[in-house]
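Q: Got a structure here that I'd like to go through with you. Can we start with the metal site and then look at the pockets?
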Amino acid sequence: MSDDCLFCKIVNREIPSEFLYEDEDYVVFRDINPAAPVHLLLVPKRHIRSINDLESGHESLVGGLFPLAADMAKKEGVNESGYKLLFNVEKGGGQEIFHLHLHLIGGWRKK
Ligand code: 5GP
Ligand code: ZN
């Protein structure tokens, strides 16, 4: 837990948010400013600043984001149409919230 971290506050329900999924390690909620019809944020509850801050012992926590993403894509109905998974890393990589999270983005109209 980091005191001034927005996602820690969301994880701890200090800021009310609708979770699409929660277990002991992760929460999933919709991005407030979606870049596509489906834009989810998959967030480990543990405060890790960014991909740059991974340490040994974090592998299973971070690795677990990928099967969770596949499950969420299915729930959102974008698994077959396809989607993007994205980590922004640090300011130059577009990161604004310095609590590790995976973007799941999809649901564009089929051509
Ligand atoms: P980053 O740029 O750090 O990779 O992604 C942070 C994301 O969090 C952005 O896409 C932004 O729209 C989203 N975001 C920022 N504040 C909130 C919030 O209070 N609630 C939700 N649901 N998303 C937020
Ligand atoms: Zn945090």
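Q: Which atoms coordinate the zinc ion (ligand 2)?
A: This is a predicted model. In it, the zinc ion (ligand 2) is held by Cys5 (SG), Cys8 (SG), His47 (ND1) and His99 (ND1), at 2.0 to 2.3 Å.

Q: What spacing do the donors follow along the chain?
A: The pattern for the zinc ion (ligand 2) is C-x2-C-x38-H-x51-H. Cys8 and His99 link distant parts of the chain, 91 residues apart. Cys8 sits in helix H1 (residues 6–11), and His99 in the loop between strand S4 (83–86) and strand S5 (102–106).

Q: Are Cys8 and His99 buried or exposed?
A: Both Cys8 and His99 are buried.

Q: And why is the arrangement of the four donor atoms tetrahedral?
A: Because the angles they subtend at the zinc ion (ligand 2) are 106 to 116°, and the tetrahedral label requires all angles to lie between 85 and 135 degrees. The ideal value for four tetrahedral donors is 109.5 degrees.

Q: OK, pockets now. What volume does the largest pocket have?
A: About 440 Å³.

Q: Which residues lie nearest its centre?
A: Phe7, Asp31, Ile32, Asn33 and Leu41, out of 20 residues that line the largest pocket.

Q: Which element gives the most to that lining?
A: H1, with three residues. H1, strand S2 (26–30) and strand S3 (38–44) each supply at least two residues of the lining.

Q: How do the lining residues divide into nonpolar, polar and charged?
A: Eight are nonpolar, eight polar and four charged.

Conventions. Residues numbered from 1 in each chain as written. Chains lettered and ligands numbered in written order. Predicted model: local features only at pLDDT ≥ 70, side-chain atom pairs only at ≥ 80, totals over all residues. Heavy atoms only, no water. Donors = N, O, S within 2.8 Å, 3.2 Å for Na, K, Ca; no water. Tetrahedral: all angles 85-135°; square planar, octahedral: opposite > 155°, others 65-115°. Helix = DSSP H or I, 4+ residues; strand = E, 2+ residues; numbered from the N terminus. Buried < 20%, exposed > 50% of the residue type's maximum accessible area, 1.4 Å probe, protein only. 1 Å grid on protein atoms, 1.4 Å probe; cavity = no way out; pocket = protein on both sides within 12 Å on 5 of 7 lines; lining within 4 Å. Points joined across faces, edges and corners; volume = space filled by probe spheres on them. Nonpolar A, V, L, I, M, F, W, Y, C, P; charged D, E, K, R; others polar.
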